[in-house]
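Please keep the sequence and the structure in view while reading.

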Amino acid sequence: MNALPITRLAVPDRFWYTGVRKKVLIDFGSDRPKIIHQVGQSSGFEATASYTDPLTGKLRLYSDGQLIFNGQTHEILENGVWGAKSWSATQAVAIVPAPGGHPDRFYIFTNNNQEIYYSIADLSQGINGSVLLLNRKLTGRQDNPGEALGVVPHSDGEAFWLIIFNGRTEVRAYLVDKNGINSKYVASPIDFPENRLNPLVGKKVHKGSIIFSPNWQKVALGVAGLGIAIAKVDRTTGTISHSDFLIRGSAGYCCAFSPDSKKLYYAKGDWEFGQWKHQTLEGWSATPHQMDLVTEIETEIDTLPIGDTTGYSGPRLAPDGKIYWTGQGKSSLAVVENPNAPGHALRFNPDGLPLGNGVSASWNLPTQTFSFCRG
């Protein structure tokens, strides 16, 4: 079985599962995204995940970390109720195909705010597929991974790395290959210096995010309320080298790289000017920003002519090359039409993608994953 070239892995998932109160799928398979309403319903309101076969374009699985659905029948997998203590997390769930020549087998990683679990599902078992292994704990609360988890492909195009925080001083990379999950993780130091900390945020990691650039060379390590560090990734060894450049202040809940990997988008509050609301402080209901990673110029994005710039949380890069942005309770996803452009040339449309009747935007968009096949 041969893996697809790494260049094929960088295409974001075609289908996104999202919404509050009523869930929808967003299909990016045509010129304009299509909203699909007849889908499995679950009550999660934050991050979700899906997996699309990169060769056939078919949706295989999707989940909000609470239930997992067959992408073709939209029915719950047998034993597909996680039973995790909490499904509210910045990156609550990730779905990744299992290495080793099992085209219908998948890892599902879930996050209950302070502990990481993994399960294994197989779509060849039963009518809708089955969960073969449920909620095996990978990390304990003492490891303090917070709400973040990231997945990056190994340089061999077959295995992958699961990346998590160990507090705000270290990240750990677990190799997942045909032999399973290697418990001997690779540790890399990462630190948010004391003199840059927001005094209202504790030293532990709570809300946070681990987001990779489309070329897989960079990673944005966000700790909500502290900021975002930009680092380099070695996909052969799993090591992450820290950069001194840090987006400071009330950001870190989530972010997204531009298609050319030279811009970073995130929501940022203005706690330093006296706005002490918790969600603004942590960047999950705040003002959209762009950081030019070459010039280090930060741009605050005006979202409406009247200057209403708050209420946005998680951005994500879509297959159409645009950045889509969610905000809790909004009726549409906002769209950055030209995300490679610097400053205000990026073209922000707050009503870019209406979600339809009865659908409200979630706190975050699907966890960033990748697609590869053995075929």
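A residue counts as buried when its relative accessible area is under 20%. By that rule, strand β23, residues 287-292, is mostly covered in this predicted model, with six of its six residues buried. In a regular strand, side chains alternate between the two faces of the sheet. In β23, T287, H289 and M291 point one way, while P288, Q290 and D292 point the other way, and all are buried.

Next come the partners of this strand. Strand β22, residues 263-268, pairs with β23 in the antiparallel sense over six bridges. Within this pairing, K263 stands opposite D292 of β23. Strand β23 also runs antiparallel to strand β24, residues 298-300, and three bridges join them. Here E300 in β24 is the bridge partner of H289. Five residues lie between the strands in the hairpin of β23 and β24, and E296 takes a positive phi near 60° there.

The whole protein has one helix and 28 strands. Of its 375 residues, 62% count as buried. The protein exposes about 14,500 Å², and carbon and sulfur atoms supply 48% of that area. Among contacts with a separation of 6 or more, 56% are between residues 24 or more positions apart.

The last stop is S362, found in the segment after β28 (348-354). Is S362 buried or exposed? Its relative accessible area is 1%, so S362 is buried. Leaving out residues up to four places away in sequence, S362 touches several residues, including T18, G19, V20, S313 and Q328. With T18, the contact of S362 is also polar, side chain to side chain, at 3.1 Å.

Key
Residues are numbered from 1 along each chain as its sequence is written. This is a predicted model: local features need pLDDT of at least 70, side-chain atom pairs count only at pLDDT 80 or more; totals for chains, interfaces and linings use all residues. Side-chain values use heavy atoms; hydrogens and water are left out. Helices (H or I, at least four residues) and strands (E, at least two) are DSSP runs, numbered from the N terminus. Buried means under 20% relative accessible area, exposed over 50%, partly exposed in between (1.4 Å probe, protein chains only). A polar contact is a pair of N or O atoms within 3.5 Å; within protein, one must be able to donate a hydrogen and the other to accept it, and residues adjacent in sequence count only if both atoms are side-chain atoms. Contact means heavy atoms within 4.5 Å. Accessible areas come from the Shrake-Rupley method with a 1.4 Å probe; for residues, only the protein chains shown count as cover. Two strands pair if DSSP finds at least two bridges between them.
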